[in-house]
Amino acid sequence: MSSVPASAFLALALILFCIGLYGALTKRNTVIVLISIELMLNAVNINLVTFSKYGIAPSITGQVFALFAISVAAAEAAVGLAILISLYRTRKTVNIDEMDTMKN
Amino acid sequence: MSLETLSEFNWSVMTPEFIILGVIALLTLLDLFMPKRIDRRILGWLSIAGIIAAMAALFSLLGTEPTSILYDTFTLDMFGKSFKLLLLAGAGLVMFLAVSYDAKEGMEDYRGEFYYLFLTALLGAMFMTSSGDLITLFIGLELLSISSYILAGIKKHNLKSNESAMKYVINGSIATAITLFGMSYVYGLTGSTNLAEIANKLSAVVDGQHTYLLGLAFLMIFVGLSFKLASAPFHMWAPDVYQGAPTPVTAFLSVVSKTAGFVIVIRILISVFFNAAPSGDGGSILFKMHDYLAFLAAVTMIIGNVVALKQTNIKRMFAYSSIAHAGYLLVALTTLSANLIFSVWFYLLAYMLMNLGAFAVIQVVTEKTGSAEIADFAGLYRRSPVLAVTMGILLVSLAGFPGTAGFIGKLNIFVGAFYGEPHYVLASIMIATTVVSYFYYFGVMTQMFFRPAREESKFNLPFGIIVVLIVAVVGSVLFGVAPNIALDFLNKM
Amino acid sequence: MMENAWLIPLFPLLSFLILLLFGKRLKEASAYVGILLTLASLVFSILVLFERFSEPTYSTKFDWLTIGDLHLTAGFEVNQLNALMLFIVSLVSFLVHTYSKGYMNGDERFPVFYAYLGLFTFAMLGLVISPNLLQTYIFWELVGVGSFLLIGFYYYKEEAKAAAKKAFIMTRIGDVGLFIGMILLFWETKSFEYSEIFAAVDAGAVSGTMITLTAILIFIGAVGKSGQFPLHTWLPDAMEGPTPVSALIHAATMVAAGVYLVAALFPLFAASKTALLTIAVIGAFTAIFAASIGLVQTDIKRVLAYSTVSQLGYMMLALGSAGYVAGVFHLMTHAFFKALLFLAAGSVIHAVHTQNIEEMGGLWKKLKLTGPLFLIGTLAISGVPGLSGFFSKDEILVAAWEGGHPILFFLALIAAFMTAFYMFRLFFLVFTGEARSEQKHVHESPNNMTYPMILLGVLAVIAGYVNTPWFGSFLGDWLVDGNPALGHGHVEGPIWIMIAATVVSLAGIYFAYLMYRKRSIARNTISGTGDTLHTILLNKYYVDEFYQLTVVAFTKGLSYFLRFIDVFLVEGLVKGVVGIVQGLGRTGSKMQTGQVQTYGAVAFFSLALLVVIFALTGGYLR
Amino acid sequence: MNLQSTLSILVFSPLLGIIVLAFLPKQSEKLIKVVGFLATIPALLIALAAYLHFQWGKDLADFAVSKAWIQFRGMGGVPEPFFSVNYELALSGFQLVLVVLTAVVATLSALAAAKFVKKEWKGYFMLFLLLEIGMLGVFTAENLILFFIFFEITLIPTFFLIGKWGYFEKEKAAYSFLIYNGLGSAVLLIVIMILFAKTGTTNIEMLAQIMADPSAPLSGDLKLGLLISLLIAFGVKLPIFPLHSWMLKVHVQAPPSVVMIHSGILLKIGAYGLIRFGMGIFPEQFKTLSILIAILGVINLLYGAFLAFIQTDFKMVLAYSSISHMGIVLIGLAAMNEAGVQGAIFQVISHGLISALLFFLVGVLYERTDTSLIGNLGGIAKGMPIAAGFLLAGAMASLGLPGMSGFVSEFMAFLGLFKELPWIAAVGTIGIIMTAAYLLRAVLGMTYGKSHREFTGVLDLKGVELIPVGVLMLLIVVIGVFPSVLSSPLQTTLETIMLGIGG
């Protein structure tokens, strides 16, 4: 395990975060956007777990934090999907760029 | 953790939270088991009662010394008490708006949720004021956020409401992710999620690499949280969401949610980063970040006030106004003056009063006309002088004229800006944009007082609205004329 | 009596106030209020004058305005000059009040007229007893207002309106000179009091340049008020006012105020050769300049007006030549005979309802009283020996010669010739020959108009004898008594001057006789209608036009230029700023596309930007 | 006798009227007007009583009141207040005359409003009385923050009074007013805050004392900057070229009764501020700037005069004339000596009275003839001789005719400046001529000459209308003839200022 340096995990998290962000900001399909956001949150989890093991002061709290983050992410995704369904009923689309009835 | 340790905790300091939690549970059950035909408004009144009870409980706790329970994850100190009071008062007033809210479409079946979701959001916010741990802070934040997402979309069959909720969720989740990412670095550098411990550890950071990482974390956390504040750069969701959400929810977002945002910002940024990484060249990371904060504050004020000029929808206009006010509050944060918490608290109090009052009027007018155009306010003075004059006073307070709480709030921030190392540029921008704000606030005045009415029908004011208006106007004027009532009260906590 | 001299101006003021408030109810009775109250002034003035013959100067003052350590005072002073002026002013005013009863009869604003007369008389009397420059200035302006109101009395006439405006503004230009001079003098001497100013000048506390500067500035005030070149153009126009007003204000009293001012401040002027020379030159030039214009005018009152300007130039010449007595003496005699001339002219106008002398003629037979009285005035002003004008004019010529200004002396002599010529031209055209237009119902004026004229006629004849080379210079000696700075009471001049003056005036009369009575010389011998010279004279040397093209045009041009700045630059700047703010708002608005991903992107890129800056600078921005 | 509450009663006495008005029905026009008018009387009586109090040789310091009001503390019970504002009112001679002026003009304006305001009297008078509170407060405040609060309080009612009861472009004018004055007060607030942050007090007296102390924690440059900012802040109000364009709109568009107040009192706040704070707190720096101020004064004087010369609307003539006359205030101030400063103060009072009179007359004219264009009027002296007479008299007062208040002030201002900067003063005297030119052009254009059209049913001034014109004219003449009624209360103020200047 120790052969893989902490920085690699951090880099992985960062890359994952960026992929998620990219997806969240560019994909048209709202479901994919929500999934991309999950990626971002998971990147955080990788970070937390990495630090909990390889951090300056390793401790278990990082993993606890990650657990909380996972559950919250799940709740968020659930609410997001629920809203999307409701929106789909009125708008008949899941394309995020068509949700622009309100603008200046 | 054994049962004994659990029972050893001084749980009484959590009484307000428990009351709210209890009411939530009660309402959920009631909503479930009450026959459909019974008007759910009763639930709203119940929640108001719950909030009042929580406030009473909080008052009884006012004299207590700062207490920490649950291994320092929950702290009831002066900061917590004072902001909890604000949140409770704000949420209470919002509940009054909510019980008077007569939705035209989409939420006939969901009135129960409508009330207790406010309470869950409130609970999240209240936890934030008292948390002493990153995890509880985060949980509080998410409890607030997720409840708000649903609230924004509570008008299930209304396209605008749905869209607003969707936008809110997406932006909110991205913001959460960014914040968390920043937090993860903080954790990584300290190995702890306890705020006091983090602050303690960070003050020992001298390594350049770590300082750099800390700066990165700071920026990410701040930008993520700026979503809650509705300040630049994460402000753009606000107009769309404000417009689409039901008016009480908009009011909630602009007041309670924003207050919670400042709570967490002060908790994390100020208490954690204040002494972080003090390098030889003077000052902690927070002082290094000083210029970024100032820049963001200035941008927020400018965007909020300038773009508000162009709005024709009153709720959008108030969204920008809300952005602008976030900017003013950021000025207080930036200056880091001795009365920082004090001025933020007072400003949020003033802002709560005037903004909720204004939303009460907006709610009445938009319900009557079915749209939320500023032009709908034309001739309001003829149709309902009381409403128009009330709105007038609140707008004057929002614009920051003397005699109102808005002025004292701004004055307070201003004093801070000039105290110690003076922030000429920032203060000048603040005051110049304030003058710009006269344009749009008085634009509403123009409609209300100068323009002829499109129709002559009168208004019936529901009880809840009347309560909110009276509290808002009396509060705005009282704290404008005798601010020391509030200030002394705060000092006694 | 002298300690009560302050009452003299107050009587007419009372008249003004009464008539202002109750004039409408008093109607025709207003005249009696005015006449009685000015009579009271006259009586007091005579008493004061006689007392002053034997008593020393009386003066008193009190604090009027406190400015920190400065105490500005007000008060009054009865010295020789003041006592004399009080008498002249109250006399002429009283006579004009009486005269107007007939002249203005039937005018619907009869009470207003008397009210204005009261105001003017108050101001004029106040002016001549002022013991300090500030008070003088105050009344100086007030007489200007009285004059303004009376010139514009026929407010519905566009000409009257224009004339009133012109009179006020032109004199105000002069007044500003006085204003500046007065203030500068104050800071030099720390006082407005005449006595203290003279003392300071005497003690050499004021530099020579400063004396010259202030003296000339004050003289500019006199130029404006006394219609001296180049500020003379308002005075002929002022003839738009009712004729009694012309007699009182624009002949006898107010226009002489300039002369009075120079006389009152004579010790100051005497201390600067340059200032005196300036006065003399301006005076002499005005004398001949105005006289030449008077040669061709056809409006009876305008001829008299130019004559007034010319005569005032004479007085200035006298003062500028250090002939204090000569100036004041001529001021007095001129007041009488010019008032007489104007009142007689008024009587003529009253009779024939025209002012154009070309339309008159042959009035001698019809106006049995006015004609001879007019002749007396004409003779007096022409300087025919034995009448008042002769003595005073002689004094002036002597003063000019003795003062060492031979050129000015000859100018004055030529002007005297012209005066005699145009005055008799006027006389012949009006009173002799045949009527040149249809004149109905020509009749002599009522008694209340003729009696004042008779009294003035008597004075025009005898007033000169108070100061003659033949019977002693009583007036002169009295005027300069106890004040060596004013020069000698009588200046002995060569006898040829008197002979020359006589010859010149008789020549003028004779020439006019030949041209306008006997008609043995054609009227266009020297320059006929349409000739360049005639046209120039008729158009008053185009001074008005010159002003119109330069000063007025410049003022208007500057105003329009400033308006351009106001509209485009000042307003434009504001609009620009507002435009920028609005533009920012529009741009910000446009960025709000409704695309939620854009919002997130904006936040993310801002964060990225901040991070990059942070990375590049290492945190510190300063 | 304890007089400490007198000033508070004076300032807040109109509040009683507001409360009473709030309970009156909208429609009872007559009652509202009477109440609105009566509500201005207590302040007037108290102000006059205070004046008599002074003239009887008693001390104005009797009126001073100081109470703790706002204390900002840092969190966590820091014992020393972080920032405190006391409720401090006082009356010096200078303030006394301004308070009397305010009370008089306000009462007369209320009378005029009863005449000119045609709709919604209730709202009008409530706002008007609020405005009066603000004005009285501005002149009695002894604390910069308090001053600022009252200063801003005047903005809102004025905005509504212009925007609701004005003429055609009223809303534009109201906005112009609000934004310009808002910016002005913004700058003022910054100055106040910097002063507070540096010295820890906002009491005017104490600030003056601290500034006089050479060891004060403010550098000369900072003080200069603050003074320039003050010049801008009050320059908007005064107004100083080029900050004047809002004021033109207001004067043209606002209803006559409001313009009386605006031109008579509100503009004077600018002059008051410059004298009291600019000169009182920064005497040295004021001296440094005196040439600049003198030049600004002359520019104002001439710019206003030349532009007034070509205006076609009499209201515009008067508006530019206000600019011109405020130039004289600056000229007097720039002199920095007793004569100049007293001249400036006199001009403040004098112009307040004169412009109130003239704007009232314009209002009457407009009401009768539906026009204020000089070209459309003409020969009105025939139909309304009394109005025309007062108009002419007002113009005479305005152009500085001796015997009226305008002269005394103009004279003293120039007297002062000629001592210090004779050349600039000499240029300024052109303004004296121009003033006569434009005023006569305008006034004679309206009153004299031929009537351009028959004004049917044009009525002269009568009844109640004679009261404002009569009272104002009387005051103008009284000050002109007996200037000591005004100068005696000013002497102590003048001494204080001179002491600060060190002259």
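Colleague: What scores does the model get, ipTM and pTM?
Modeller: ipTM is 0.89 and pTM is 0.91. It is a predicted model, where local features need pLDDT of at least 70, side-chain atom pairs count only at pLDDT 80 or more, and totals for chains, interfaces and linings use all residues. Residues are numbered from 1 along each chain as its sequence is written, while chains are lettered from A and ligands numbered from 1 in the order in which they are written.

Colleague: What is the mean pLDDT of chain D?
Modeller: It is 88, and 96% of the residues of chain D reach 70 or more. pLDDT is the predictor's confidence in each residue, from 0 to 100.

Colleague: Where in chain D is confidence lowest, and where highest?
Modeller: Lowest in helix 15 (residues 380–383) of chain D, at a mean of 81. Highest in helix 5 (residues 121–140) of chain D, at 93. Helices are DSSP runs (H or I, at least four residues), as are strands (E, at least two), numbered from the N terminus.

Colleague: What does the chain look like over 32–52 and 64–88 of chain A, helix or strand?
Modeller: Residues 32–52 of chain A are 100% helix and 0% strand, with end C-alpha atoms 30 Å apart. Residues 64–88 of chain A are 100% helix and 0% strand too, with end C-alpha atoms 36 Å apart.

Colleague: How many residues make the contact of chain B with chain A?
Modeller: 38 from chain B and 38 from chain A. Contact needs C-beta atoms, placed from the backbone, within 7 Å.

Colleague: Which helix of chain B gives the most?
Modeller: Helix 7 of chain B, with 20 residues. The side of chain B that touches chain A divides into 18 nonpolar, 13 polar and 7 charged residues. For the classes, Ala, Val, Leu, Ile, Met, Phe, Trp, Tyr, Cys and Pro count as nonpolar, Asp, Glu, Lys and Arg as charged, and the others, Gly among them, as polar.

Colleague: And chain C, how many residues are in contact with chain A?
Modeller: 11 residues of chain C contact 11 residues of chain A. Helix 25 of chain C gives the most to that side of chain C, with 5 residues. By class, the side has 3 nonpolar, 7 polar and 1 charged residues.

Colleague: Now helix packing. At what angle do helix 6 of chain C and helix 17 of chain D pack?
Modeller: About 60 degrees, with their axes 9 Å apart. That makes helix 6 of chain C oblique to helix 17 of chain D. Axes are lines fitted to C-alpha atoms, for helices over the stretch in contact, and angles run from 0 to 180 degrees between N-to-C directions. Under 35 degrees counts as roughly parallel, over 145 as roughly antiparallel, 65 to 115 as roughly perpendicular and the rest as oblique.

Colleague: Which residues meet there?
Modeller: Ile183(C), Leu184(C), Phe186(C) and Trp187(C) meet Phe414(D), Leu415(D), Phe418(D) and Lys419(D).

Colleague: How do helix 13 and helix 19 of chain B cross?
Modeller: At roughly 15 degrees, with axes that come within 8 Å. Helix 13 and helix 19 of chain B are therefore roughly parallel to each other.

Note on methods:
Contact = placed C-beta atoms within 7 Å.
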